[in-house]
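Welcome! Please walk with me through this protein, one piece at a time.

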Amino acid sequence: MLSLFTRRPAVQDPALSWTPPGTTVVQRYRNILGPLESAVVLVYTSASDRSSAYGAACLGCTYRAARNDRRVQLGEAEAADLANAHAAHCRAINRGLPAPPDDAAAARMVRSRLQSKRAHGPSAHQVHLTDFLEDRVDLQRDDDFIAQAMSEIVRTGGHFLKAAPAYSGDTGTRFLVQPRPPRK
């Protein structure tokens with residue numbers, strides 16, 4: 001009879017402990033919306049990143065941030081400040097965990113990010129894996145997938161992306177986004 005009246009632990013929201021594949025979540029923020037469950041805002045970095053680049057992403061809306069207003073990569077403290085400010089003002093309800101895209105959709109996301117990196121100018125510029133930090137929660141893929149997707153774009157005739165050997169002393173490949181054709 002005693003077991004009928006014992007308290008059961010509240011069901012834990014999976015978003016409070018979820019880590020998107022390919023990331024390391026360092027902080028989580030949540031706003032209280034009364035009886036409704038509010039969305040979780042993550043502060044994260046790439047799982048294999050050895051730099052100090054961080055991103056912030058809301059699991060309830062489309063908010064994503066990986067650079068500040070000066071287009072500089074976010075440090076952990078700045079990403080946390082942005083996530084906290086967003087959580088305080090976001091009115092999105094908890095949508096649950098985002099479904100991972102299939103490989104074709106994830107490859108299209110990589111291609112889209114690369115296209116957005118194209119600039120008008122005289123020379124190509126190198127793409128870094130930190131350029132995909134803003135997309136990590138949506139991609140739910142690791143660095144190897146992103147590098148493989150870029151290699152596939154180069155292989156299949158992606159005229160806007162070229163591969164070159166890494167600089168001397170390094171092993172691997174570097175990817176260069178080619179500039180847009182000159183405006184006429």
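Helices (H or I, at least four residues) and strands (E, at least two) are DSSP runs, numbered from the N terminus. Read along the sequence, the protein chain then follows the pattern β-β-β-β-α-α-β-α-α-β-β, with 4 helices and 7 strands in total. Please keep in mind that this is a predicted model, where local features need pLDDT of at least 70, side-chain atom pairs count only at pLDDT 80 or more, and totals for chains, interfaces and linings use all residues. Residues are numbered from 1 along each chain as its sequence is written, and side-chain values use heavy atoms, with hydrogens and water left out.

Let us look inside. Of the 184 residues of the protein chain, 40% count as buried; buried means under 20% relative accessible area, exposed over 50%, and partly exposed in between (1.4 Å probe, protein chains only). In soluble globular proteins, nonpolar side chains tend to be buried together. A nonpolar core is a set of buried Ala, Val, Leu, Ile, Met, Phe, Trp, Tyr and Cys residues joined through side-chain atoms within 4.5 Å. The largest one here has 16 residues, of which Tyr-29, Val-41, Val-43, Cys-58 and Ala-83 touch the most other members. At least two residues of this core come from each of β2 (40–46), β3 (55–58) and α1 (76–89), and α1 gives the most, with 4 residues. Apart from this core lies another, of 15 residues, including Leu-114, Met-150, Ile-153 and Phe-175.

Not counting residues up to four places away in sequence, Cys-58 touches Ala-39, Val-40, Val-41, Tyr-63, Arg-64, His-86 and Cys-90, where contact means heavy atoms within 4.5 Å. How many disulfides are there? A disulfide is a pair of cysteine sulfur atoms within 2.5 Å, and by this rule the count comes to 0. For Cys-58, the nearest cysteine sulfur is that of Cys-61, 3.6 Å away. Cys-58 is buried, with a relative accessible area of 0%, and Cys-61 is buried as well, at 19%.

Now turn to a sheet. Two strands pair if DSSP finds at least two bridges between them. An open sheet of 3 strands runs in the order β5-β7-β6, with antiparallel pairing. Its edge strands, β5 (125–127) and β6 (161–165), each pair on one side only. Between β6 and β7 (residues 173–177) there are 5 bridges, and Ala-163 has Phe-175 in β7 as its bridge partner. Helix α4 (residues 143–155) packs on this sheet, touching β5, β6 and β7.

Note on methods:
Axes are lines fitted to C-alpha atoms, for helices over the stretch in contact, and angles run from 0 to 180 degrees between N-to-C directions.
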